[in-house]
Amino acid sequence: MSDVRHQPVLPAECLEFLRVRPGGRWLDATVGLGGHAESILQASSPDGRLMGIDRDADALARSAERLAPFGDRVRLVHGNYSEATSLLPGENFDGVLADLGVSSMQLLTPERGFSFMAEGPLDMRMDRSTGPSAAEYLAAVSPEELEERLREAGEERFAKKLTALLKSRESWSGTAELAQAVSRTIPRRGKSHPATRVFMALRMAVNREMESLKSFLEVAPSLLEPGGRLAVISFHSTEDRIVKRFYQKREDVRRITKSPVIPAWEERKGNPRSRSAKLRVFEKI
Ligand SMILES: C[S@@+](CC[C@H](N)C(=O)[O-])C[C@H]1O[C@@H](n2cnc3c(N)ncnc32)[C@H](O)[C@@H]1O
């Protein structure tokens with residue numbers, strides 16, 4: 001796994017919208033494997049500073065290694081971006097970036113349990129120091145809530161059937177068993193594996209991703225200098241809807257992107273993960 005690199009999505013657009021320049025201060029709220037962070041540090045050379053947050057300690061260790069050449073221009077913090085104001089008390093930034101979802105490292109490490117492509121434990125926690133694993137979540141969640149989560153992830157047609165399946169056992173042995181059971185229960189649609197959305201729904205629920213995103217959007221303006229910008233990249237329509245609507249009624253934030261920015265054809269071709277990406281940018285007034 002040590003050679004896994006996460007190809008950052010919309011890197012040039014992020015630098016441009018965040019107006020990255022020497023002397024500025026930036027927050028990468030989802031530093032991950034450090035792809036965006038590295039490009040921000042390069043573009044703000046020689047003295048721009050970057051703070052990075054991630055709730056995944058393994059990701060932080062990787063980005064620390066990658067960003068080591070930038071020395072004390074970088075500071076990395078372990079935690080949930082929804083708690084950014086208490087993780088970074090008194091800090092203000094010229095730009096904040098949040099690149100939501102999972103990284104390639106998380107998806108491609110079978111022991112983390114994010115992928116239906118490889119056998120692994122039903123874990124799916126981004127922060128392994130806390131919270132229920134996917135197996136514990138499945139055992140404890142009510143059928144009503146599970147069905148709702150599956151609907152949110154786009155399984156409108158099969159949410160009931162899938163809920164019955166997922167709750168039909170006290171425990172699942174791992175990702176492969178669950179993925180196979182899902183394949184036997186619902187048909188394949190298009191090119192994607194039948195378990196794609198089920199795994200996404202579970203991951204989002206286990207990590208309380210929607211809740212964290214809303215809390216983050218609530219505090220993000222207070223992290224910005226006046227005129228500072230917030231850029232959010234989402235990969236799922238429910239997330240994008242939350243981002244799009246969040247600041248509609250706020251007077252301290254104005255919208256910079258009228259419609260979401262999506263990757264150009266070349267990027268979509270070279271980086272399949274980028275195909276569902278949507279970037280929205282806001283500015284603190
Ligand atoms: C798509 S990756 C970011 C990749 C990064 N931009 C890069 O170029 O390498 C998303 C990262 O956000 C982290 N993450 C997701 N939700 C988080 C949250 N609520 N708080 C902090 N980090 C979070 C994940 O652990 C993951 O490492």
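# Reading the backbone, the sheet and the ligand shell

User: Where does Leu-10 lie, and how do I read its phi?

Analyst: Leu-10 lies in the segment before H1, where helices (H or I, at least four residues) and strands (E, at least two) are DSSP runs numbered from the N terminus. This is a predicted model, in which local features need pLDDT of at least 70 and side-chain atom pairs count only at pLDDT 80 or more, while totals for chains, interfaces and linings use all residues. Residues are numbered from 1 along each chain as its sequence is written. As a general idea, most residues other than glycine have a negative phi, and most peptide bonds are trans. Leu-10, which is not a glycine, has a positive phi near 50°.

User: Is Leu-10 buried or exposed?

Analyst: A residue is buried if 20 or more other C-beta atoms, placed from the backbone, lie within 10 Å of its own, exposed if 12 or fewer do, and partly exposed in between. Leu-10 is buried because 23 other C-beta atoms lie within 10 Å. Pro-11, in helix H1 (residues 11-17), has 17 such atoms within 10 Å and is therefore partly exposed. Leaving aside neighbours within four places in sequence, Pro-11 is in contact with His-36 and Ser-39, contact being a distance within 7 Å between C-beta atoms placed from the backbone.

User: Which peptide bond is cis, and where is its proline found?

Analyst: The bond from Ser-45 to Pro-46 is cis, with omega near 10°, and Pro-46 is found in the loop between H2 and E2.

User: What is the order of the strands in the sheet?

Analyst: Strands of a sheet pair through backbone hydrogen bonds, either parallel or antiparallel, and two strands are called a pair if DSSP finds at least two bridges between them. Here 7 strands form an open sheet in the order E3-E2-E1-E4-E5-E7-E6, with mixed pairing. Strand E3 (74-78) and strand E6 (253-255) stand at the edges with a single partner strand each, so one side of each has no neighbour in the sheet. Neighbouring strands of this sheet are turned by 20° against each other on average, direction ignored, with axes fitted as lines to C-alpha atoms, for helices over the stretch in contact, and angles from 0 to 180 degrees between N-to-C directions.

User: Which residues are closest to the ligand?

Analyst: A residue is near a molecule if its C-beta atom, placed from the backbone, lies within 6 Å of it. The ligand is surrounded by 22 residues, the closest being Pro-8, Thr-30, Gly-32, Gly-35 and Asp-56. Helix H2 (35-43) and strand E2 (49-54) each supply at least two residues of this shell.

Key:
Contact = placed C-beta atoms within 7 Å.
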